[in-house]
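Please read the following briefing alongside the sequence and the model, which are shown here.

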Amino acid sequence: GSTAAADRVQWAKPKAADRALEKLARAYGGDASRLVDMTRQSICFSSLQGLLRCLQVVKADPEAVVVRVKNKLSAEYKSVRTAGYRDCAFNVRIVSEETRRLGLEGHVCEVLLLLSSFAELKHNEGHARYVSWRNARAE
């Protein structure tokens with residue numbers, strides 16, 4: 001892996017148990033099967049073309065089973081729901097000899113693809129404002 005690529009990945013910790021329980025109650029009616037972002041990572045791109053290329057590469061990988069794509073970059077997406085924030089998130093399972101051996105082929109993780117300009121908004125006080133906004137909406 002190149003250093004430039006590694007610099008674009010925003011390594012995230014697993015979702016905290018209290019936030020997972022909160023999300024289950026607020027958004028999913030207690031249905032734990034809908035909670036598919038316990039493990040997540042973000043990759044930042046300077047251009048929409050790079051972001052799209054990444055998604056195409058993942059979808060072409062025979063070991064990557066894309067479960068869902070949530071495209072908040074689409075012109076049809078009503079960004080008022082997210083206070084103007086946009087990204088493209090996909091949920092993926094890795095089905096390989098190793099994941100089968102480890103019993104992890106059913107594990108779903110989330111990958112967030114976002115433009116650098118939106119990534120900058122997520123840091124520091126930007127994320128704190130988002131959490132306050134999300135909590136006010138009870139999401």
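A search of the whole structure finds 4 salt bridges, a salt bridge being a side-chain nitrogen of Lys or Arg within 4 Å of a carboxyl oxygen of Asp or Glu. The model is predicted, so that local features need pLDDT of at least 70 and side-chain atom pairs count only at pLDDT 80 or more, whereas totals for chains, interfaces and linings use all residues. Residues are numbered from 1 along each chain as its sequence is written, and side-chain values use heavy atoms, with hydrogens and water left out.

- E22 and R19 are joined by their side chains at 2.8 Å, N to O, and the two residues stand 3 apart in helix 2, about one helical turn.
- R26 and E22 form a salt bridge at 3.5 Å, N to O, and they lie 4 residues apart in helix 2.
- R19 is buried at 15% relative accessibility, whereas E22 is partly exposed at 25% (buried means under 20% relative accessible area, exposed over 50%, partly exposed in between, with a 1.4 Å probe and protein chains only).

**A salt bridge within a loop**
- The side chains of D87 and K72 meet at 3.6 Å, N to O, and both residues belong to the loop between strand 3 (64–71) and strand 4, 15 residues apart.
- D87 is buried, with a relative accessible area of 2%, and K72 also counts as buried, at 14%.
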